[in-house]
Amino acid sequence: MQMNGCSAEKILKKLGKIMGADMSYEEPGILGSMCTSPLEFANQIFATYLHKNLGDPGLWLGTWAIERDVIKMLGNLLNDPNCSGYLVTGGTEANLIAMKAARDTARFDGRSEIVVPESAHASFDKAADLMRLKVIKVPLNEEYTVDIEGVEEAISKRTVAIVGIAGSTSLGTIDNVEKLSEIALDHGIYLHVDAAFGGFVIPFMKRMGYELPKFDFELPGVLSITVDPHKMGLGPIPSGGILFRSEQNIVKSFYNIPYLAGGKFKQATIVGTRSGASVIATWAIMKFLGIMGYIDIVRKCMKLTNYFADSLREIEGIKLVREPVMNIIGFTSNKFSNYKIDKELRRKRWAIGCFPDMLRVVVMPHIQKSHVDKFIHDLKKITASLIPEETPKDKYYL
Ligand SMILES: Cc1ncc(COP(=O)(O)O)c(C=O)c1O
């Protein structure tokens with residue numbers, strides 16, 4: 001940092017230049033992000049309330065009330081308006097808090113393992129690392145959802161929690177949470193559902209008439225759910241949600257914070273100081289869109305997903321990994337290495353997801369039909385130019 005400050009004009013000019021290296025949601029390119037452009041309305045609200053700190057809620061009682069209302073709205077969406085919870089930095093922190101709540105409940109009886117599907121997000125590995133838990137990964141079945149028998153086999157007297165995914169990161173699949181709920185109740189084990197992505201998609205798809213499995217608090221074994229406004233909720237970053245069926249599920253994770261200016265408070269979030277602005281902006285977006293607004297958005301995304309999937313199917317050498325469940329499409333090739341395809345796509349400024357055995361696009365609200373057409377055009381050119389391999393080496397790790 002230099003000794004004397006710069007003029008605002010100079011800083012803005014410099015920033016404009018540096019920001020040129022960033023991609024943007026408006027141009028064709030970002031096809032692999034689970035975040036999207038927040039509504040302009042929310043951006044303004046976010047900027048207005050930047051100083052609000054929910055780490056000290058006694059000072060910001062209005063903001064605290066707004067957060068309670070967001071939790072109630074999320075609970076309404078996920079079949080328990082009486083649930084408790086917080087808005088946190090994202091799905092990672094939400095999953096971490098859930099695993100901690102489960103671990104803390106079981107802390108003194110020596111349990112130390114979590115049972116998760118192979119499709120689980122890396123946040124469960126992080127949680128396990130931080131809490132010295134062992135992750136037992138259960139393979140998926142032919143539907144790419146967790147193998148239920150595998151879960152039963154993986155459970156032992158050391159199991160702290162079982163995790164189900166509603167909208168997996170790679171394919172958007174929904175685990176059989178109904179069965180997981182029965183298993184959790186039978187064994188008296190904590191069940192957490194990671195609906196970071198699907199929580200803002202599945203309830204609306206169901207209202208549109210799609211037949212999708214139960215996954216939320218409707219199932220009695222589900223004790224907590226991750227649901228992220230900063231993904232399909234169109235909220236600003238950071239806005240992740242962690243919901244608990246009852247405050248009892250988290251009381252063992254409370255820390256007393258005695259020194260706060262607003263008065264002492266019990267915190268269960270990982271972070272202390274916490275953005276009130278994103279909570280207020282999330283509240284405003286949910287009020288602004290309402291159920292019908294989200295249905296419109298999901299309907300558009302699903303229409304484009306089907307168009308995208310049909311266009312991919314027509315490309316020689318490309319196949320879908322499975323029928324899309326929601327606005328996420330996984331595809332692969334039996335002729336070319338996914339790694340090489342991804343590399344060529346990146347050269348053309350396409351940013352998609354590259355998993356060990358598939359490529360994946362997420363059809364978020366910022367994606368236009370013209371982006372899809374351009375992508376398909378480029379992918380056709382790439383596959384036509386690559387030399388087919390007899391056994392393409394799909395498996396690679398970043
Ligand atoms: C299912 C799922 N859970 C959790 C996360 C982590 O969310 P975040 O990146 O907001 O921490 C993701 C991210 O894509 C996800 O897909």
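Residues are numbered from 1 along each chain as its sequence is written. Because the model is predicted, local features need pLDDT of at least 70 and side-chain atom pairs count only at pLDDT 80 or more, whereas totals for chains, interfaces and linings use all residues.

Helix α1 covers residues 8-19; helices (H or I, at least four residues) are DSSP runs, numbered from the N terminus. The expected span of a helix is 1.5 Å times one less than its number of residues. For the 12 residues of α1 this gives 16 Å, in agreement with the 16 Å between its end C-alpha atoms. The number of buried residues in α1 is zero, so this helix lies largely in the open. A residue is buried if 20 or more other C-beta atoms lie within 10 Å of its own, exposed if 12 or fewer, and partly exposed in between, with C-beta atoms placed from the backbone.

Two packed helices are described by the angle between their axes and the distance between the axes. Axes are lines fitted to C-alpha atoms, for helices over the stretch in contact, and angles run from 0 to 180 degrees between N-to-C directions. The axes of α4 (residues 91-106) and α5 (residues 123-131) come within 9 Å and cross at roughly 45°. Helix α4 is therefore oblique to α5 (angles under 35 degrees count as roughly parallel, over 145 as roughly antiparallel, 65 to 115 as roughly perpendicular and the rest as oblique). The crossing of α4 and α5 is right-handed; a crossing is left-handed if the near helix is turned anticlockwise from the far one by less than a right angle, and right-handed if clockwise.

For α3 (residues 61-77) and α9 (residues 276-313), the axes come within 9 Å and cross at roughly 50°. This makes α3 oblique to α9, and their crossing is left-handed. Residues of α3 that meet α9 include Ile66, Val70 and Met73, while those of α9 include Val279, Ile280 and Trp283.

Pro388 is located in the segment after α11 (369-385). With 12 other C-beta atoms within 10 Å, Pro388 is exposed. Leaving aside residues up to four places away in sequence, Pro388 touches Gly317, Lys335 and Phe336; two residues are in contact if their C-beta atoms, placed from the backbone, lie within 7 Å. The C-alpha atoms of Pro388 and Asn79 are separated by 50 Å, and these residues are 309 residues apart along the chain.

Key:
Helices (H or I, at least four residues) and strands (E, at least two) are DSSP runs, numbered from the N terminus.
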